[in-house]
Amino acid sequence: MNPLCKPWEHATSRRQFLGASAGALAFGALGGMISPQAAEAMRKQEKQVLFVWLDGGMSQLESWDPKPNTEFGGPFRTIKTSVPGTHFSELMPQCAKQAHRLCVVRNIATKDNAHSSGVARIQRGDPKNRGVAYPFFGSSIAKLMGPTASKLPAYVWVKPGSGGFKAEDAGFLGPKYGSLAFGDGKPPEDLLRHASLTVEEDEERNELRELLNQRYTAQRRPTFTEASSFVFDSARELMKRADVFDTTKLPAKELDRYGRTEIGQHMMVARNMLEAGVRFVKVGSYGWDTHGDNFNASASLVPKFDRAFAAIIEDLAATGLLDHTLVIAMSEFGRTPRINGHVGRDHWPEAWSIAMAGCGVKAGAVVGATNALGTDVKDKGHDIGAVFHTWFKALGIDSKKVEYDNNSQPLPLAHDDMEAIKEALV
Amino acid sequence: MQLLRPSATLTRWLLLAALMASHGAFAAEPLQLQVDKLIVAKAAKQPFAAPADDAEFLRRAWFDFNGGIPSAEETKKFLADKTADKRAKLIEQLVAAPRFAEQMAEAFNIQLMERNGSNDEWRSYLTESFRANKPWDQMTREILSPDFKDEKLRGAGWFMTRRLDKVGQQDTDYPGLTRDAGRLFMGVDLQCCQCHKHLTVKDYKQVDFNGLFVTFQNTKLQAASGDYKTAWVQEAMMTNKYEFVSVLSNVKGATGPRVPLGVEVPLPDPAKDEIWLVPPDPKTRKPGVPKFSPLKELAARLASPENPLFARNIANRVWWQLMGRGFVEPLDLNHSDNPASHPELLDLLAKELTDHKFDLRWLIRELALTQTYQRASLLPVGAKSPPEELFTVAKERPLSAEQLARAFLAATGEQERVVGGKAWEGVEGKKHTQKDFEKAFLAAFANAAKEPELNVNPTLRAALFLRNNDLVLWSLQRRKGNLLDRVAALTDAGKVADELYLAILSRPPVAEEKAELEKYLTKHAATREKALGHYAWAMLSSMEFFTNH
């Protein structure tokens, strides 16, 4: 029998909890009371997150932590980066030019080596078992920080495949904090204004609806109507910014810089969303599980990522957004140094790398190291719990003090026995 | 060794039940009056909302007992009726109509399956059972101990077979079935007791979870074959107790099938009893059929007048269904440290329901006749936020996605065309079906699977759906006989307002609303038809339409 409690335990308390807090979050301090200019200025200081998820496990040896001319090093050479003494794999020429903006942690040592459990465990920060499913990082930020003054949804996921409203990520926080997924970079159903309506008509009928709601709620409890107004407002803001999500109109020159690839397109959409004010953008990329033919696969995959990731770092730096945007690129684990019989690399949580940039993290730093063959971390590695503390701290959230309130059950934001990685923080 | 634990709460319930029974004067009064007395007594000096006006009552009763909204004609007729007992008559009519069983089946399907798929045989089992007004204890036994060979009853088994279906590579979710059975039929969420005693609820012990768990874990999901036309669950032989150990204290325990917080089922003794109905055949390797069915024995003891939590749970849930809030909240955390808001009233309902042989139709009719049910949702003057648990004001309740789809089609006058398939002649473009509407409304408004639907919960998805969905806007285009067609033909703004408000909100407009509409139509005189569509849209997207109030 499975000794662990099931994730949906305490679902009841979540329901109650949300009932009490949804309104408070929805009608935060900024709701519609400030001018667009002021909102823009205020938003500029608001912290945001770009989270790039390379599903299946990117090989650290073919990217951030190459070991050329060693037993397990593989065929690729290394190249110099913009940071003297730091080398990346030759598959990452563009990221090498951005190294002075990146912070690479090379001694990540986690516990799960299966995709089915690892993907969720890593993105939930693998806290101690509390008998509840923890939120993915995006849902956590949606809860803790909410939408920015832009009123756009707090947590958006640009991904290959299907889109829609993905509640699973939210864990015990409840579906409200799930992600709004743009499948194949396309907006979810019904996002675009209906062809039969003009902007003016749409605005006017919406004002009528608000008027009817005001009269209805005048002598009733306000909770439901307020919540309804909030989602209609969000819908309006989202519809207004439909241009942000339109991949068909991306300028050719920029697209060449990001790469005319899936991840290139999606990264550009992500940049537009961050510029528009989405709090947390996750970009998903699949197909990194290179058990067979790792080197040809990496030669194809890594440069696509390299180009897209370097381009967005460059753009975020140019607009100044990087100063308050935390950027993360990672997988659920790394890949084995040992090369298997299919010329592939298998799952390797023991020693792998995560790249970060922007808000709160030390630019140009390389934190920790693996041993000469890359088979293990030198000294003590960092588990995912420590990485979560690092992210929270970078965003100005004291994860040692702030707690979730799960129906008056206080829950820590991240593994309470672990600490932030100081060397990675400014 | 396990004994029945006489908890303080149980003792109190039994005492109260005995008191009630001996209280002659009290018992003589109809239940509806006793309910109102106890509600008023508890509210002390808090102001009560006025009685709901006829229109509000009519709409509420329709949603609750029919699942849809009345037509403009029906509304007008009811409002014009001057007879004193017209509300009681309406309740009688609605509860006696065929739609009542369908509405009950819909409500119980949502409550018991929590959007975890759909199944036609299960739905028709529920509908037929409510149509026959089958007692709730009997239904519960049929659901928890299904007869998979009976054509009419096997649908009930979907409650269990759906939950035992394997999802991907995960283990069969016996703990999930255990948890749901406790939550839904007894109002106790025992999940935390799987591995140890409950940390915050002292009534819930590890043995309570495991007594249910052992019963379900003894089953195996089998595919349809031979006599079995659907997937079914096979029970294995059980002659030993299930042993468990607390991961916190290492204390061991053992139990056979057991009603949570109740009695344990004695196991057969292979030395003394004949344990096989059909013994296993070693030659053909056919597994035998055990004489002892833990499911059947457990279901008989769980869904029984002897099990006080069984009656309390259903009384609490029926009250929640009609009043928007249970006496015990959350509905699945019945225990002595989480007392009911109205302990005597819940005890009374549980007892009366038991005495009436778990006749839900009777209980619902009684509750519908109370002043508490028939109160307005408008707050009494001066009351800013009266405590919900006092039931001084009618609470706004969520409408299910199905109710919304139905009400939307009825209000826009597209019901006959879409549902009945009539008068499609001359209609250009795609011919929409009832299924299209149900599917779209479910996708926009139903909760995620396995999330209980308990509260009004506006979502971004729903807002986008209402604003931009094809079906929504299609319904608001002028088409022969629909709402837009009817109002576009009217020249008088007052008459337009009457028609719109009666059709959509089931009430006549007030003067201010009439004036507003007239002003709006004057402004949009050049594009009157389109403007009427927008006005109707605004009404259909408003909270007044979207809640049961």
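These questions and answers go through some features of a predicted model.

Visitor: How many residues are in the second, separate core?
Guide: Among its members are Ile91(B), Tyr174(B), Val259(B) and Ala311(B). This second core is separate, and its number of residues is 96.

Visitor: Which residues does Phe445(B) touch, leaving out those up to four places away in sequence?
Guide: Phe445(B) belongs to the largest nonpolar core and is one of the residues there that touch the most other members. With residues up to four places away left out, Phe445(B) touches Ala401(B), Leu404(B), Ala462(B), Phe465(B), Leu466(B) and Phe546(B).

Visitor: How many disulfides does a search of the whole structure find?
Guide: A disulfide is a covalent bond between the sulfur atoms of two cysteines. Cys95(A) is in none, as the nearest cysteine sulfur, that of Cys103(A), is 14 Å away. The sulfur of Cys193(B) is 6.6 Å from the closest cysteine sulfur, in Cys192(B), and therefore too far for a bond. Over all chains, the number found is zero.

Visitor: Is Cys193(B) buried or exposed?
Guide: A residue counts as buried under 20% relative accessible area. The relative accessible area of Cys193(B) is 0%, so Cys193(B) is buried.

Visitor: Which residue of strand 4 of chain B is the bridge partner of Phe244(B)?
Guide: Strand 3 (residues 242-245) and strand 4 of chain B run antiparallel and are joined by four bridges. They form a hairpin with six residues between them. In strand 4 of chain B, the partner of Phe244(B) is Gly253(B).

Visitor: Which are the edge strands of the open sheet in chain A?
Guide: The sheet has nine strands with mixed pairing, in the order 6-7-5-8-1-9-12-4-13. An edge strand pairs on one side only. The edge strands of chain A are strand 6 (164-166) and strand 13 (365-367).

Visitor: At about what angle does helix 9 of chain A run to strand 8 of chain A?
Guide: Helix 9 (residues 262-276) lies across several strands of chain A, including strand 1 (48-54), strand 5 (155-159) and strand 8 (280-285). Its angle to strand 8 of chain A is about 180°.

Visitor: What is the omega of the peptide bond from Glu329(B) to Pro330(B)?
Guide: Most peptide bonds are trans. Pro330(B) lies in the loop between helix 14 (308-323) and helix 15 (343-355) of chain B. The bond from Glu329(B) to Pro330(B) is cis, with omega near -10°.

Visitor: What is the phi of Ala44(B)?
Guide: Most residues other than glycine have a negative phi. Ala44(B) sits in the loop between helix 3 (31-43) and helix 4 (54-65) of chain B. Although Ala44(B) is not a glycine, its phi is positive, at about 50°.

Technical notes. Residues are numbered from 1 along each chain as its sequence is written. Chains are lettered from A and ligands numbered from 1 in the order in which they are written. This is a predicted model: local features need pLDDT of at least 70, side-chain atom pairs count only at pLDDT 80 or more; totals for chains, interfaces and linings use all residues. Side-chain values use heavy atoms; hydrogens and water are left out. A nonpolar core is a set of buried Ala, Val, Leu, Ile, Met, Phe, Trp, Tyr and Cys residues joined through side-chain atoms within 4.5 Å. Buried means under 20% relative accessible area, exposed over 50%, partly exposed in between (1.4 Å probe, protein chains only). Contact means heavy atoms within 4.5 Å. A disulfide is a pair of cysteine sulfur atoms within 2.5 Å. Two strands pair if DSSP finds at least two bridges between them. Helices (H or I, at least four residues) and strands (E, at least two) are DSSP runs, numbered from the N terminus. Axes are lines fitted to C-alpha atoms, for helices over the stretch in contact, and angles run from 0 to 180 degrees between N-to-C directions.
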